[in-house]
Amino acid sequence: MKAIVGAEILDQDRFAAWLPVLQEWGACHVEFAQQVDDAAYWYTERSNVGILAQAAWRSGRVALEEYQARKSRQHGHATKEWLGRCDLWISDEQGGELIEAKQEYLALRSRQAVFLTNKILATAVKDAGHTRNGIDSAACGIAFLPVYLRASCAPTAERLEADILALIAALRTSEAGMMAWSFPAETREYLGADGRNLIPGIILLGASAPT
């Protein structure tokens, strides 16, 4: 059994510079599994934001998590503003990017995987637009998707790998502009807290917030 780890830029014009970050993100999950004998990806959205921040630093960028930010949205002809928090800011010499994230578990064999992930991603993108608040900065939404399968299904290693690869292929047709996935060998048969579900890895999808 080997790790299934990769990254792909679907919108080269917008996200080409993200490839090193995504590659480091996948590697972070594998290293965590190897060193701690646990899965970093199955915890919370906040935990996964932290892994992405680590990946940014490792790829030569700087990052800031959970900082106070002024947000805004249009309400009719008026603009509503409030103080909130931005999940993550990543920057390099070309400039910074505001990031809002959402996390939802995704069934490995879901027939609605693309539909469901597009909904999650759209919510993250909407939040990223609010966080921009008129600032001339790039912004994007990130969907963290820990993948699960009922342990009672008891798939063979070959079937589990085939299902993972099929899900990755299906999500290439989503509205994401970039994607990455990390299924460490060490956690391929990892059971979640309830002991009923296999949680073999995680998929990340990202899309740009409109300017």
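Mentor: Cys28 has a relative accessibility of 6% and therefore counts as buried, a label that means under 20% relative accessible area, with exposed meaning over 50% and partly exposed the range in between (1.4 Å probe, protein chains only). Cys153, at 38% relative accessibility, counts as partly exposed. A search of the whole structure returns 0 disulfides, a disulfide being a pair of cysteine sulfur atoms within 2.5 Å. Bear in mind that this is a predicted model, in which local features need pLDDT of at least 70 and side-chain atom pairs count only at pLDDT 80 or more, while totals for chains, interfaces and linings use all residues. Residues are numbered from 1 along each chain as its sequence is written, and side-chain values use heavy atoms, with hydrogens and water left out.

Turning to the rings, the search of the whole structure gives 3 aromatic pairs, where rings of Phe, Tyr and Trp (its six-membered ring) pair if their centres lie within 6.5 Å, and planes under 30 degrees apart count as stacked, over 60 as edge-to-face and the rest as tilted. One of the pairs joins Trp42 and Tyr190 in a tilted arrangement, at 6.0 Å centre to centre with 50 degrees between the planes. Because Trp42 sits in the loop between helix H2 (19-36) and helix H3 (45-58), and Tyr190 in the loop between strand S7 (178-183) and strand S8 (197-208), the pair ties together parts that are 148 residues apart in sequence; helices (H or I, at least four residues) and strands (E, at least two) are DSSP runs, numbered from the N terminus. Both Trp42 and Tyr190 are buried, and together with Tyr43 these residues form one aromatic cluster.
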